[in-house]
Amino acid sequence: MVSITNAHNELIYDAVLDYYGKRLATCSSDKTIKIFEVDGESYKLVETLEGHEGPVWRVDWAHPKFGTILASCSYDGKVIIWKEENGRWSQIATHAVHSASVNSVKWAPHEYGVVLLCASSDGKVSIVEFKENGISTPTVIDAHAIGVNSASWAPATIQEETVLSTNNADATSSTTGGNKSVKELRRFVTGGADNLVKVWNYDETAKTYVIEATLQGHSDWVRDVAWSPSVLLRSYIASVSQDKTCIIWTQADSKDPWKKTLLQEEKFPDVLWRASWSLSGNILALSGGDNKVTLWKENLEGSWEPAGEVEQ
């Protein structure tokens with residue numbers, strides 16, 4: 001296990017490995033982002049990125065098919081896109097449509113292109129695409145009245161039940177097959193200071209994102225939401241809150257209602273800040289104010305059980 005000491009002068013808010021697990025990006029209230037090369041149990045600081053005027057809350061790596069690209073968001077209300085070419089880092093774009101702190105940035109599944117989802121304390125989320133000739137006109141949505149703390153994309157494909165039918169002479173239909181087909185459905189989830197979790201999907205007719213579901217279950221701010229990144233038998237969303245609980249929301253089919261399951265009946269010892277799924281989508285990691293990271297997995301009965309703990 002690599003332990004990086006004295007990475008920043010102040011609090012570190014996020015640390016994210018790239019697609020290959022070879023580079024680590026960290027961000028801090030010291031207004032900087034640091035890039036480390038990680039090799040086994042050794043590491044090397046290769047760059048310090050400066051450009052934000054306030055604490056930097058989150059960073060996220062784009063898919064490597066688009067190059068070495070990193071997004072960062074800050075209390076200063078800006079999102080900065082950084083790119084490395086020939087060993088040199090530079091700012092290639094700034095996204096500044098929000099009027100308050102931008103609390104979360106998340107790149108869309110690479111199938112959609114270079115598309116970024118941003119969540120802000122101004123109550124809005126924005127979706128913007130980065131092209132060779134510049135930034136597209138962003139889509140801005142009023143999401144949560146008193147602030148959006150987090151947002152997360154669904155995987156690019158979900159499984160849909162498709163029924164094949166034929167019409168007979170008397171105009172009735174009979175089922176000739178019921179195979180699973182894979183359909184692309186652009187969706188994301190947001191968590192807000194209004195204690196709500198909201199699921200959004202793309203409406204081709206309106207050319208914007210509309211609410212699919214508003215999920216109620218928390219009694220205080222939703223600090224983080226995370227959509228399981230793998231296409232499993234059902235969709236999984238984890239939400240964590242200031243109320244010291246984690247809720248797992250599941251949906252068997254995109255037309256079905258979302259079901260709510262408390263990760264554990266008793267509350268956690270402190271506020272939960274972050275939730276993160278493994279790439280396979282079956283292990284959930286939670287971190288909170290008690291400085292612990294706990295791992296969880298679903299058993300065959302559909303309930304959740306501890307799978308490990310990391311304490312620093």
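Here are some notes on this predicted model, point by point.

1. Strand E7 (residues 79–85) and E8 run antiparallel and are joined by seven bridges. If you want a landmark for this pairing, look for Glu 85, which stands opposite Arg 88 in E8.

2. **The sheet E14 to E21.** A further open sheet of four strands takes the order E14-E19-E20-E21, again with antiparallel pairing. E14 and strand E21 (208–216) are the edge strands here, and because each has a single partner strand, one side of each is left without a neighbour in the sheet. The twist averages 25 degrees between one strand and the next. Within this sheet, strand E19 (residues 187–192) runs antiparallel to strand E20 (residues 196–203), with five bridges joining them. Phe 188 has Trp 200 in E20 as its bridge partner.

3. **The largest nonpolar core.** Phe 188 turns up again in the largest nonpolar core, which has 16 residues. The members that touch the most others are Leu 117, Val 125, Ile 127, Ile 141, Trp 153, Phe 188 and Tyr 209. Strand E10 (115–120), E11 and strand E14 (148–153) are the elements that give two or more residues to this core.

4. **Around Trp 153.** What does Trp 153 contact once its neighbours within four places in sequence are left aside? Its partners include the aromatic residues Trp 107, Tyr 112, Phe 188, Tyr 209 and Trp 227. Also among them are Val 115, Leu 117 and Ile 127, as well as Lys 106 and Arg 187. Ala 108 and Pro 109 complete the list.

5. **Strand E27 and its two faces.** Strand E27 (residues 283–288) has a covered face made of Leu 284, Leu 286 and Gly 288. Its uncovered face carries Ile 283, Ala 285 and Ser 287.

6. **E26 with E27.** Strand E26 (residues 272–277) pairs with E27 in the antiparallel sense, over five bridges. Here Ser 287, from the uncovered face of E27, is the bridge partner of Arg 274. The hairpin of E26 and E27 has five residues between the strands, and Gly 281 takes a positive phi near 85 degrees.

7. **E27 with E28.** On to the next pairing: E27 and strand E28 (residues 292–298) run antiparallel and are joined by five bridges. Leu 286, from the covered face of E27, stands opposite Thr 294 in E28. These two strands form a hairpin with three residues between them, and in the turn Asn 291 has a positive phi of about 65 degrees.

8. **Cysteines.** How many disulfides does the structure hold? The count is zero. For Cys 118, the closest cysteine sulfur is that of Cys 73, at 7.5 Å, which is too far for a bond. Cys 118 is buried, at 0% relative accessibility. Cys 246 is buried too, with a relative accessible area of 2%.

9. **Salt bridges across the chain.** The count of salt bridges comes to eleven. One of them joins the side chains of Glu 53 and Lys 78, with an N to O distance of 3.9 Å. This pair links distant parts of the chain, 25 residues apart: Glu 53 lies in the loop between strand E4 (42–50) and E5, and Lys 78 in the loop between strand E6 (68–74) and E7. Glu 53 is exposed, with a relative accessible area of 60%.

10. **Lys 124 and Asp 142.** The closest N and O atoms of Lys 124 and Asp 142 are 3.4 Å apart, forming a salt bridge. Lys 124 is partly exposed at 28% relative accessibility, whereas Asp 142 is exposed at 58%.

11. Lys 207 and Glu 204 form a salt bridge, their closest N and O atoms being 3.3 Å apart. Lys 207 is exposed, with a relative accessible area of 52%, and Glu 204 is exposed at 54%. Finally, a network of salt bridges links Asp 14, Arg 58, Asp 224 and Arg 274; Arg 274 is the residue whose bridge partner in E27 is Ser 287.

Key:
Residues are numbered from 1 along each chain as its sequence is written. This is a predicted model: local features need pLDDT of at least 70, side-chain atom pairs count only at pLDDT 80 or more; totals for chains, interfaces and linings use all residues. Side-chain values use heavy atoms; hydrogens and water are left out. Two strands pair if DSSP finds at least two bridges between them. Buried means under 20% relative accessible area, exposed over 50%, partly exposed in between (1.4 Å probe, protein chains only). A disulfide is a pair of cysteine sulfur atoms within 2.5 Å. A salt bridge is a side-chain nitrogen of Lys or Arg within 4 Å of a carboxyl oxygen of Asp or Glu. A nonpolar core is a set of buried Ala, Val, Leu, Ile, Met, Phe, Trp, Tyr and Cys residues joined through side-chain atoms within 4.5 Å. Contact means heavy atoms within 4.5 Å. Axes are lines fitted to C-alpha atoms, for helices over the stretch in contact, and angles run from 0 to 180 degrees between N-to-C directions.
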